[in-house]
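Reader: Hello! Could you take me on a close look at the salt bridges in this model, and tell me how the partners are placed?

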Amino acid sequence: RPPGGQDPLETHVYHDEEDEDDEDDEDDDDEDEDSSEISASDEDGSWIAWFCGLRGNEFFCEVDEDYIQDDFNLTGLNGLVPYYDYALDMVLDVEMPMEDTLTEEQQEIVESAAEMLYGLIHARYIVTNRGMHAMYEKYRSASFGRCPHVFCQGQPVLPVGLSDLPRNYTVNVFCPRCHGLFFPKSTRQANIDGAYFGTTFPHLYLMNHPDMIPVRPSQQYVPRVYGFKIHQSSLYFRNHEEDPDNRNRRVGRSRQGGGRR
């Protein structure tokens, strides 16, 4: 029997006072949201619009239904998603004739499978011209967040995954200015599977929009102690830049030498 939904992925996220306040509000609203989410898809239009409108799903854009209806675009996904046909029908708002025969547990699996299927389709869609256009306004309005690096001066970031296969890593955000990789600030967004955005999107997006590639920060942080720069030959820099394996071997040799003396 297929597994019951996606296993939660553990991650560490950045927190500030505003985020903690948001989390308190989220906890208060969780019970109301859980009880109303399923029925909301029937009342507020298409399943896709409902899913993208859920709190925490701001990173997603709405995939065109004609893209989903093209079987070529879904090649290989039936082997990754349980109850594939049922999940596809749910995403496309197709009436399922066998729905009454599904048990409550199976229905929950189908709902979870529909979210996974849409996420994997989404990763393919956003590397198309239409998909990049749909993500354009989100990037321009900093819907994906901003780089926490001080010298990037609030540069908008783009979502990226560390794997194209689901259930391996959660989503990260990539800064086009410093090329740094960070966790999303929102705990809800930080728990989204990175495979729903893939490893290609931000880089292909910038390659197709070179005018949107920012210049690297001209400033660089210089560590100081009592106002004086730390010398490059100190262990402060050597241990930071040295390969850990080389460092362990060097420390081991120094200890052995000390023992012989």
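Author: Happy to. A salt bridge here is a side-chain nitrogen of Lys or Arg within 4 Å of a carboxyl oxygen of Asp or Glu. By this rule, the count comes to two salt bridges, and please keep in mind that the model is predicted.

Let us start with Arg130 and Asp64, whose side chains meet at 3.1 Å, N to O. This pair links distant parts of the chain: Arg130 belongs to helix α6 (residues 129-140), while Asp64 sits in the loop between α2 (47-52) and α3 (65-68), and the two are 66 residues apart. Both count as partly exposed, because that label covers relative accessible areas between 20% and 50%: Arg130 has 40% and Asp64 has 29%.

Now for the other bridge. The side chains of Asp66 and Arg130 meet at 3.3 Å, again N to O. Asp66 lies in helix α3 and Arg130 in helix α6, so this contact ties together parts that are 64 residues apart in sequence. Asp66 is partly exposed too, with a relative accessible area of 46%.

Putting the pieces together, Asp64, Asp66 and Arg130 are linked in a network of salt bridges. Arg130 takes part in the bridge with Asp64 and in the one with Asp66. For your picture of the site, then, one partner comes from helix α6 and another from the loop between α2 and α3, while Asp66 is placed in helix α3.

Conventions. Residues are numbered from 1 along each chain as its sequence is written. This is a predicted model: local features need pLDDT of at least 70, side-chain atom pairs count only at pLDDT 80 or more; totals for chains, interfaces and linings use all residues. Side-chain values use heavy atoms; hydrogens and water are left out. Helices (H or I, at least four residues) and strands (E, at least two) are DSSP runs, numbered from the N terminus. Buried means under 20% relative accessible area, exposed over 50%, partly exposed in between (1.4 Å probe, protein chains only).
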